[in-house]
Amino acid sequence: MALPTYDEVIAKWDPVLGLEVHVELNTKSKMFCSCATEFGAAPNTQTCPVCLALPGALPVVNKKAIESTILIGLALNCKIAPYSRFARKNYFYPDMPKNFQISQYDEPICFDGYVDVEIETDEGLKQFRIEVERVHMEEDTGKSLHVGGATGRIHGADYSLLDYNRAGIPLVEIVTKIVPGTGKYAPEVAKAYVAELRDILRGLKVSDVKMEQGSLRCDANVSLKPIGSDVLGTRSETKNVNSLRSVERAIRGEMIRHAELLNEGKKVKQETRHFQEDTGLTRSGRSKEQAEDYRYFPDPDLVPVTPATIWIEELRATLPERPSLRRKRIKEEWNVPDKEMAAMINADVLDIVEATVLLGADPTKARTWWLGEISRIANDQNIAITDLAITPKDVAELVALVASGELTDKLARQVVEGVIAGEGTPSEVVAQRGIKVVNDDGALMAAIEKVCAEQAETAEKVRGGHLPAAGALIGAVMKETKGQADAARVRELLLGHLGQAN
Amino acid sequence: MSSLSRDDVAKLAGLARIEMTEAELLELSSQFGLILDAVARVQEMDLSGVKATSHPQPLENIARADEVLPSLSPEAALSAAPAQEDSRFRVPQILGEAE
């Protein structure tokens, strides 16, 4: 039987989602010890007896991590538990030196929240509410490097090497309740949810939220039930989903894979699967011979967390503008059409455009530069737009230079290239490259006379009233002035010169 | 009297990665019964209104400021490792070939 198409899947099956998002907090030190959390440090340079689990070491929780977690809970409309504890989750894996992970079990610090997301549907913009079951604190594991084998993957490796710099970095896990009723929009709703979470977390400044560096990671649970049925199907859990686009692809792919199995009368296996970025497919992870048995119990080395109501309210008062409200405000203030707004969100340029506008640039101009020329260069170089050497300040300056007539749009594009190439600010690039609009009619007239003399035949045609021939002459004049002239002015002067003033 | 079967003990031993002989499994299954019975005596008391605890001291909210202190040198961190390579802990194969 052929793989069902997505349309065939959703004609028969109703997807149910569950999303677990792990967020690495951006605290300076680890969750339970004072080691640094710098990304990319040399292996095993950020470890100590606590995070290496040497005998006798005692963990002490990081206050900032608790504060950040409460902020996340509040921003996700959660209740904050007046009393919560840490628990040990026991299992053996080399990336975890203690042979247990300190986490929270039946007493998470935040619970019962929700996130609303909006997506474009056939019936227009539609809101979906994703209910949040819990937000809890835990610690990250170390990083493994698998040596030997063909692919560098864990399967078939000869042995593995462990770097524990990441072990013990504060991790917050955000777990949704099951998300029913998204139908064919399930992959987009999931993507929108993770994007909204990312924006909320970024606004709170509690995490770098870089999916490509793993500071925001999503595990997607998917199951299918026949449309109209109340009985949930068996779910699979896909890990290793490291971009917003992958969230969408992974869920779509799993829906198709489940439907194929179910259509053939087979069963979906409850298992962990790994997303393959290159193919968009998932592959089976470690098959679990025995049911997971983590034997959670309260960690006797740590005492309960009982945040005072007054502290919680103080934190609530510091919550920033909700991203959805911010988008609404920006859309109205800048008068942005729906499609352009969607493009800005999709390209993830809202922050930089807003920063550019706050530096005095016209919103439409700022948007056009970031979404157009600069996005194009970022795509060509295959890097994030925020990693380019051009800043909101540069773009604001560029917009000002164009507005004052010192640059044409065409020249400004050269300046953008220069700034991105590291040649300095727009003014510096203009000065160094000798870029300037030729406003001097005298210089232009000299160029026009020169071109008309060189292309006398063409000039004669124009003089005889054949205006389309003027294009070639204007082009030659622009070339003569190295593109620094204003083409409209050249046309005006040229036609005047040839007796065709309009 | 409570009791744990030999298989229960074998499963626990497996989860804890402790190798045990058949004789030890049988001996422990009866001993675990005694331990469970001893703990179960707590349930005979009226404990309504008593909060479960996990710490001998009535402490709450012990936390540290988010400050970085020096870590171990990689040499020190790795000094007790049975095997190491490229400043990393070396461990035996984790999973076999994909099935």
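Reader: Which residue stands opposite A:Met137 in β10(A)?
Author: A:Val172 in β10(A) stands opposite A:Met137. Please keep in mind that this is a predicted model.

Reader: How many bridges join β7(A) to β10(A), and in which sense do they run?
Author: Seven bridges join these two strands, and they run antiparallel.

Reader: And β6(A) with β7(A): how many bridges there?
Author: Eleven bridges join β6(A) to β7(A), again with the strands antiparallel. One of the pairs is A:Val115 with its bridge partner A:Ile130 in β7(A). A hairpin of two residues leads from β6(A) to β7(A).

Reader: Which sheet of chain A holds these strands, and in what order?
Author: They belong to an open sheet of nine strands in chain A, ordered β3-β6-β7-β10-β1-β11-β12-β13-β14, with mixed pairing.

Reader: Why is one side of β3 and of β14 left without a neighbour in the sheet?
Author: β3 (79-80) and β14 (282-284) of chain A are at the edges and each has a single partner strand, so one side of each has no neighbour in the sheet.

Reader: Let us turn to the backbone. Which phi does A:Asp112 have?
Author: A:Asp112 has a positive phi of about 55°, although it is not a glycine. A:Asp112 lies in strand β6 of chain A. It counts as partly exposed because it has 16 C-beta neighbours inside 10 Å.

Reader: What about A:Asn382, and where is it found?
Author: A:Asn382 is in the loop between α9 (363-381) and α10 (392-403) of chain A. A:Asn382 also has a positive phi of about 55° without being a glycine. A:Asn382 is exposed, because 6 other C-beta atoms lie within 10 Å.

Reader: What is A:Ile251 in contact with, leaving aside its neighbours within four places in sequence?
Author: A:Ile251 is then in contact with A:Leu17, A:Ala186, A:Pro187, A:Ala190, A:Ala220 and A:Val222.

Reader: And chain B? How many of its residues are in contact with chain A?
Author: 34 residues of chain B are in contact with 44 residues of chain A. On the chain B side, β3(B) supplies the largest share, five residues. That side divides into 17 nonpolar, six polar and eleven charged residues.

Reader: Which strand of chain A is joined to β3(B)?
Author: Strand β9 (residues 159-163) of chain A is joined to β3(B) by four bridges, and the two run antiparallel. There, A:Tyr159 has B:Pro92 in β3(B) as its bridge partner. Both strands belong to an open sheet of four, in the order β8(A)-β9(A)-β3(B)-β2(B), with antiparallel pairing. Its edge strands are β8 (143-147) of chain A and β2 (84-85) of chain B, each pairing on one side only.

Reader: Where is A:Asp158, and is it buried or exposed?
Author: A:Asp158 is in the loop between β8 and β9 of chain A. It is exposed, because 10 other C-beta atoms lie within 10 Å. Leaving aside its neighbours within four places in sequence, A:Asp158 is in contact with A:Val147, A:Gly148, A:Gly149 and B:Gln93.

Reader: Finally, what ipTM does the predictor give the complex?
Author: The predictor gives an ipTM of 0.88, and a pTM of 0.80. For chain B, the mean pLDDT is 88, and 94% of its residues reach 70 or more.

Conventions. Residues are numbered from 1 along each chain as its sequence is written. Chains are lettered from A and ligands numbered from 1 in the order in which they are written. This is a predicted model: local features need pLDDT of at least 70, side-chain atom pairs count only at pLDDT 80 or more; totals for chains, interfaces and linings use all residues. pLDDT is the predictor's confidence in each residue, from 0 to 100. Two residues are in contact if their C-beta atoms, placed from the backbone, lie within 7 Å. Ala, Val, Leu, Ile, Met, Phe, Trp, Tyr, Cys and Pro count as nonpolar, Asp, Glu, Lys and Arg as charged, and the others, Gly among them, as polar. Two strands pair if DSSP finds at least two bridges between them. A residue is buried if 20 or more other C-beta atoms lie within 10 Å of its own, exposed if 12 or fewer, and partly exposed in between; C-beta atoms are placed from the backbone.
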